[in-house]
Amino acid sequence: MIAPKLDVDAISARRRPKAIAAVWAFELAVAWVLASPWVEIVGRVVGRHPDGDRALFWEHGRLLLGDALIHHASIISALVRSTLWLLAAWAIVSLLPLGGLLAALSDRDTSLRNAAARGTALFARMAGLQGLSLVLGAFGLLLIGVVPSLLLEPRTANLLPRTALVVSLFPLVMAGGALAYLGALFDLARALVARHDATTLRAFVAVLRAPRHVGRLVAVSLPRTLASLGLLGLGAALTSPLHAILVIGLVHQVVAFARVGLRASTLARALSLSDELVSDPELSPVEAQVAT
Amino acid sequence: MPECPCRPATETLLATWTRDADASNGVRFCMAKRTRARELLESAVFVLVGVVVGVGLGARSVWPKTPSLPEAPVVTPPEKGFPEVPRTSERVADYTLFAKLDPINHVVEGHGTITLKNRSSAPLSSIRLHLYLNAFKNDRTVFRRARVSGFRGGVEGAPGLVDVKKLSWDGVDLWPKHSFVEHTGEYPQDPLSPGAPPAVGTAPSDETDVMVPLGERTLAPGESASFEIEFHDELPEISERTGYHDSFHFVGQWFPKLARLEDDGTFAAFPFHHLGEFAADFGRYDVTLDVPATFTVGATGARVEQKVEGGRRIERYQLDDVHDFAFTAWDRYVLREAREGEVAIHLLSPPGYEAAMDRELLSVAYGLRAFGARYGAYPYADLTVVHPPEGADEAGGMEYPTLITSGGPWFPEHGTHEVEGVTVHELGHQWFYGMVATHEVEWPAGDEGLNSYAELGVMQDLYGEGSAARFGDVDLSYLIFQLRGAEPDFEEPVFQPTWAFANGSSYGSRVYGATAIILETLRRTYPRFDAAIGVYARRFRFEHPTQQELFEVIAEVAGDDCAAAARAALTQPGTLDVYVDSILSEKKRPPTGYFDDGGDPSKRKKLGAGDESSEGLGYANAAWIGRKGAPIDLPIEVELRFGDGTRRREIVRFGPTATSPNKGAATWRRLDVDGPQPLVAVIVDPDLRVPMDRTRLDNFATREGHSGGAPVTRERALAWLGVLARSFGP
Ligand SMILES: [Zn+2]
């Protein structure tokens, strides 16, 4: 199934604010679900304080927070565990909005209904790529990062601790680079699947053979990732005053929206790069389509 | 980029890629220069946003600054002022020692003179010595077989021992007559060392406590005796504060040491116990150390001589009015010298630990000011701070006279203060252990507990109430760490002997955390409490005070009420929890029912609802405040909040109070606070004057409809879990 596609020069995250907003809303809903048990528990523990949970973040509240950590440690660890399980489930479900976002960026049809349908249709292949990326990512991290780092560690005993740290971190930094490359590689594969209806395997093989395209996507995605982290830092720094909690909440959500936008921008570039890749008969995973 | 054969993209700035559909070989793409430039610009902006905003703001919010060195705290003296401190101790046990370290075989060869002055009222026919290194001799010693976990001393490396070669008095060798005091389970009521059989064959079960008869002679009261001694140490792999790790050596508890002589002529002797520390008499130490020339030395006291000859470094250290001597030698030390007032500070650390040294220096410099102001000026000329290398952590966090060991990571920790905490703690021991030399085995809280309290005070001075750990706006107070530490395994008394504690973690929680929290409670509740500790530390400088003497000083300076609370909290089992059970607030109604005027049924009146207006009657308000746990009586402040936003404070006491001890201890009190406004909320101990309260989560109550809910948590959780959702999302 191939929906009518946008011209390549019309692909742009900025032209699809509705899709970005939908993904942001999706994530907000997920966060709401994840947050609910925490809010419930905190509400029960300190909600009856006349100042509510603001008391937890006060000068004197620090002890209250400590009491909560000390006396409710088992509840907190249960909450952490359930939150992690829910996040794992979300990692799978999130492939639906991922497919939908790619479709919305690539297709002429701007309706969210179309995006949802396409997201559902793409789910299996997105899942295939996700599985591959997890396996390769873990493998890369171990092989390039963790194992060399562990092998280096005993050899650093006589170095200055700072030098030793740099030496043993070096493989992890390399692994980080490899992961960035893998991330771009799979984004390009996703684009091939969403825009050119490539199969999981063909898309994967095609991007493996197109390091130049992947490299160009990395050049686009890295600055966006950095900016996204910067926005995250901005959000983290903005936490007080407590009485302006609504305003702060709003700022945090604007940051969240912008971060989805940055991600969409990278995906848009992956989609346009996928056209270029397909045009190269040497690399294309979908010859039949290009021949016509 | 391939050559661009097609037309430049001019239609739109947003069109990055153009498509040339009529090319016969399919579709060709190229990038227009303009859009390429734009893309670069965009990327640059993104990088800038990332680095500047992210690092600048995000990191700043979790990285507190290191404070500059503050002035000494302002200390409120007691009404009669602080007493003068004595200049010298009564010198009972003097040591002149020569020690040669062989760092390859980890051996110390020692010899010298020990002089004992019989300060007791009885003639001595024998002496008791501690051979602490023998605790590491085999796995059947009291130290190794004690069923204690949850505290330091877990490392089981190569064994260590001390062999005495000679102990002579006026040319007569007394050592052949020595006997080890057996500790096969009958050791003072020790439940932790159940009757283990003698180790192997006829080997003694423990060789840390030795009795040496003086032969035909006795040592009369007031007389002194000098004993010539020779001994051979084999150091253990670092364990329980002493030993080696590669070429690093920390040499503590290394020489035969006289047990403390009591007034009645007995010796305060005991085997080396896993949780126990030491007890010794004050004296003069004159120790000459002989190590390879490539090694750097740190030691108790002041270096008075040094020379290098024959590939050996020989350094002589002297110090009066102390009760122990330890040294360290390593060929990789970095040495930094500094001064604080009259005190020369020597910092020794592994290479690359400059950041830790900075914080250690700040900690001891401020510590000298603050402890000095509160507990009397530091009387010695030197202070050495040792940061053991990685792998030798067991040597860290220990106190010897004028020599302390710190610990913690080499990098500047942001958000926590591990290095500062341990350094301040060990420095505090110069007062509580060093100068106020309580019996550390019989009364471990006497040094560790009082010192944890003193440490808490200095850490709060330095970093405010918060900032023990700071991550974003979650800012945990230093007190929380003590509170966490104080959470009991068992509700044992705080003031009891080392060997009476259930296990290592119970010992740790009661002796360190709980004492600090209880004393901090007294400080926040009674204005003169810290001054009382100040008087105690000055009056008993160079002495060996008891619990009783501590309580007497508290009563004298801070009052009987404070002393009674201290005694109750420190000497009996149990903890304290104050809480609010419930509140009541009802609009007062006019009277209803039958009312007989003058008690005469014939003059009965029936009043019904609505007969009179309830206007102006106000509210019936009450709050029930409870106390659980041990009957410890403290003035507990309660904040009452009313419907119009007004607040009022009341003091609640549960008794028994020092002034009316026979009234008994109540478990609840009701506060009746009728008035024109409804009572909407109650907070017990709003200013945190009672940190020893087990939990503050039950310290508040609100009337229906007046609770604050959890809006901050909702917002924070949405934001941070949203970040996680983003990370796991599309
Ligand atoms: Zn200590």
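Biologist: Hi! How much area is buried between chain A and chain B?
Modeller: About 7400 Å², with carbon and sulfur atoms giving 67% of that; buried area is the accessible area (1.4 Å probe) that two parts lose on being put together, summed over both. This is a predicted model, where local features need pLDDT of at least 70, side-chain atom pairs count only at pLDDT 80 or more, and totals for chains, interfaces and linings use all residues. Residues are numbered from 1 along each chain as its sequence is written, chains are lettered from A in the order in which they are written, and side-chain values use heavy atoms, with hydrogens and water left out.

Biologist: Thanks! How many residues does the contact take from each chain?
Modeller: Chain A gives 86 residues and chain B gives 79 residues, contact meaning heavy atoms within 4.5 Å.

Biologist: And how many salt bridges are there between chain A and chain B?
Modeller: Five, counting a side-chain nitrogen of Lys or Arg within 4 Å of a carboxyl oxygen of Asp or Glu. One of them joins Arg641(B) to Asp51(A), with the closest N and O atoms 3.0 Å apart.

Biologist: New topic: how many helices and strands are in chain A?
Modeller: Ten helices and zero strands, taken as DSSP runs (helices H or I, at least four residues; strands E, at least two) numbered from the N terminus.

Biologist: Over in chain B, at what angle do α5 and α7 pack?
Modeller: Helix α5(B), residues 444-463, and helix α7(B), residues 504-525, pack at about 55°, their axes 8 Å apart. Axes are lines fitted to C-alpha atoms, for helices over the stretch in contact, and angles run from 0 to 180 degrees between N-to-C directions.
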